[in-house]
Amino acid sequence: MVSVASMTGYARAEGRDSLTSWVWEAKSVNGRGFDLRLRLPSGHDGLDIPAREAAARRIARGNVQLSLTLSRQTEAGEMRINTALLTRLVDLCRDWQAVRPELTPARMDGLLAIRGVIEPATEDDATEDDTVRDARTAALKASLEAVLDQLVAARRGEGARIGAVLKAQLDEIKTLTARAAACAALRPEAIRERFTQQVAAVLEGAPALSEERVAQEVALLLVKVDVREELDRLSAHVAAAGALLDQGGVIGRKLDFLAQEFNREANTLCSKSADVELTRIGLDLKAVIDQFKEQVQNIE
């Protein structure tokens, strides 16, 4: 069964070779569609298209940030000779020896001891051939796949938690809908009594009304007191939402639409209600539906 995924997640994948270490980081948050922001180091633009294609294969919705950080490695204590500085010092010594032959000739160990001639190796000193670079590119792509897989797993883990919350809220909506349907105010005898009273009030207030006008008023009163259609639609929407959660996959937009339908039916129920108990149930329904809608915003 396809699981439900959240749009929120974070992942990190590391790798290294003999000269370079790297870190891929990926995080995603809610979004109306799929939007990828990619940050790559200079000289690695060739990873742009593979990264975008790999992310698009896995993620349908959400704002995703994907970044790569590279660090060149040098062995501890590795040193280099500043050949440019050493050459200048040798030339200076030769010039002075020509002018002052009585001076003691400079020794190489003395020149090497001068500050700056021998210095720690920097990341720019390492050299690499095409084979090394190609191997690193392949390793970077493998780490890219790994970090995106981890991000998807994180989103599904969060989605499973949210899915359980949504199912519990659907159960509560279903229970409240059943309570509303069983409400005493909706029993046939109660509707008949209230309807009789309202018709009598209409006739008493306007005894000269024509039969056609009375029929119109009666039809209007019937519409106002009958909430069975709203309750039937609520039950149908609950069943549809439950089926979507069982189905899994990219269902966020459909659930959001159903949440709006839930809210519309609950509002109508409250506006039609002329009973305290039914109104209370309607308000409880609205509260749970608002919570449901808020959680749905996180679903892919």
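The structure holds 18 salt bridges, a salt bridge being a side-chain nitrogen of Lys or Arg within 4 Å of a carboxyl oxygen of Asp or Glu. This is a predicted model, in which local features need pLDDT of at least 70 and side-chain atom pairs count only at pLDDT 80 or more, while totals for chains, interfaces and linings use all residues. Residues are numbered from 1 along each chain as its sequence is written, and side-chain values use heavy atoms, with hydrogens and water left out.

**Stop 1: helix 4**

Select E158 and R161, which form a salt bridge whose closest N and O atoms are 2.8 Å apart. The two stand 3 residues apart in helix 4 and are therefore separated by about one helical turn; helices here are DSSP runs (H or I, at least four residues), and strands (E, at least two) are too, numbered from the N terminus. E158 is partly exposed, with a relative accessible area of 27%, and R161 is also classed as partly exposed, at 45%. On this scale buried means under 20% relative accessible area, exposed over 50%, and partly exposed in between (1.4 Å probe, protein chains only).

Next, select R57, R58, E145 and D149, which a network of salt bridges links together.

**Stop 2: helix 7**

Now select residues 228-247, the 20 residues of helix 7, which at 1.5 Å a residue should span 28 Å, in agreement with the 29 Å between the end C-alpha atoms; the expected span is 1.5 Å times one less than the number of residues. Colour E230, L231, L234, H237, V238, A241, L244 and L245, the buried residues of this helix. Looking down the axis of helix 7, you will find them within an arc of 140°, so they line one face of the helix, the arc being that of the directions from the helix axis to the C-beta atoms. The face turned away from this buried side carries the exposed residues R228, E229, D232 and A239.

What covers the buried residues? The cover includes helix 4 (130-181), helix 8 (252-272) and helix 9 (276-296).

Within helix 7, pick out E229 and R233, a salt bridge with its closest N and O atoms 2.5 Å apart; these residues lie 4 residues apart, about one turn of the helix. R233 counts as partly exposed, at 29% relative accessibility.

**Stop 3: helices 8 and 9**

Move on to K293 and D256, whose side chains meet in a salt bridge (3.1 Å, N to O). Because K293 lies in helix 9 and D256 in helix 8, the pair ties together parts that are 37 residues apart in sequence. K293 counts as partly exposed at 30% relative accessibility, whereas D256, at 19%, counts as buried.

**Stop 4: the cores**

Finally, show L166, L255, F262, L285 and F292, which touch the most other members of the largest nonpolar core, a group of 30 residues. A nonpolar core is a set of buried Ala, Val, Leu, Ile, Met, Phe, Trp, Tyr and Cys residues joined through side-chain atoms within 4.5 Å. Helix 4, helix 7, helix 8 and helix 9 are the elements that give two or more residues to this core, and helix 9 gives the most, with 7 residues.

Centre the view on L255: leaving aside its neighbours within four places in sequence, L255 is in contact (heavy atoms within 4.5 Å) with L166, A241, L244, L245, F292, V296 and I299. Apart from this core lies another, of 21 residues, among them W24, I59, L144 and L148.
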